[in-house]
Amino acid sequence: MEPLQDHTIAFSGLKDGEHAFRFILEQPFFDASGEEEWEGGNVTVDVTLDKSASLLVANMHATGTVTLRCDRCNAPLHFPLNGKQRQIFSLSGEEQMDDDELVSLDAREHSINLTHYIYECLRLALPIRHVHAPGQCDPEVEKVLSKLIVEHEPTPDPRWEVLKELKHEGPKPKR
Ligand SMILES: [Zn+2]
């Protein structure tokens, strides 16, 4: 799915050396991402593009917040994002073994679309499991959850009881 914003850099007219670009990711980007867990956000992506005769090196730095759903209470969670990623494009026009970091561009290309790489940068910066900080979950859900836990407390196994008692005693004070 193509996002509504354009993250294309026309590099053919650029001189060799470093060039800075900034992209602002807002709601349309997250809506178009196809990632169900991304509900929205506001992220600034700073790209430093280092151009040489045969390579383009794009260093991306994404900062801001992404709105996710808490895995525990399902309420919105504003996750502070700080992600960095490097992507290298070969301009030699020769077919090279592409790997995750090096992509060969066709000799006729004069621009690169970074959308895909920006997605990757964000995806890698977000944790697989995302939950609110302790005490920050939806209090209503918290109430229901604690009730459920109490109701489903299994009949204690005597062996666990012994362990629990040990735990409650805590560490012995050092003398
Ligand atoms: Zn939560």
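So, in what order do the elements of the protein run from the N terminus on? They go β-β-α-β-β-β-β-β-α-α-α. Keep in mind that this is a predicted model. Counting up, the protein has seven strands and four helices.

Let me give you the overall numbers. There are 175 residues in the protein, and buried ones make up 17% of them. Now take the contacts with a separation of 6 or more: 63% of those are between residues 24 or more positions apart.

Okay, on to the sheet. Five strands form an open sheet, and reading across, the order is β2-β3-β4-β5-β6, with mixed pairing. At the edges you've got β2, residues 17–25, and β6, residues 102–104; each has a single partner strand, so one side of each has no neighbour in the sheet. Going from one strand to the next, the twist averages 20 degrees. Just as a reminder, strands of a sheet pair through backbone hydrogen bonds, and that can be parallel or antiparallel.

Zoom in on β4 and β5. This pair is antiparallel, over 15 bridges.

Nonpolar side chains tend to be buried together in soluble globular proteins. Here, the largest nonpolar core has 23 residues, and the ones touching the most other members are Val 45, Met 60 and Ile 118. At least two residues each come from β2, α1, β3, β4, β5 and α2. The top contributor is β4, which gives six residues.

Let's look at Met 60 in particular. Setting aside neighbours within four places in sequence, Met 60 is in contact with Val 45, Val 47, Lys 84, Gln 85, Tyr 117, Ile 118 and Cys 121.

Last stop, Asn 74. Where is it? Asn 74 is in the loop between β4 (55–69) and β5 (76–90). Is Asn 74 buried or exposed? Exposed, because Asn 74 has 11 C-beta neighbours inside 10 Å, and the cut-off for exposed is 12 or fewer. Leaving out neighbours within four places in sequence, the contacts of Asn 74 are Arg 69 and Val 141. For Val 141, that's 67 residues away in sequence, with a C-alpha to C-alpha distance of 8.5 Å from Asn 74.

That's my tour, thanks.

Key:
Residues numbered from 1 in each chain as written. Predicted model: local features only at pLDDT ≥ 70, side-chain atom pairs only at ≥ 80, totals over all residues. Buried ≥ 20, exposed ≤ 12 C-beta atoms within 10 Å, placed from the backbone. Contact = placed C-beta atoms within 7 Å. Pairing = 2+ DSSP bridges. Axes fitted to C-alpha atoms, helices over the stretch in contact; angles between N-to-C directions. Core = buried A, V, L, I, M, F, W, Y, C linked by C-beta atoms within 7 Å.
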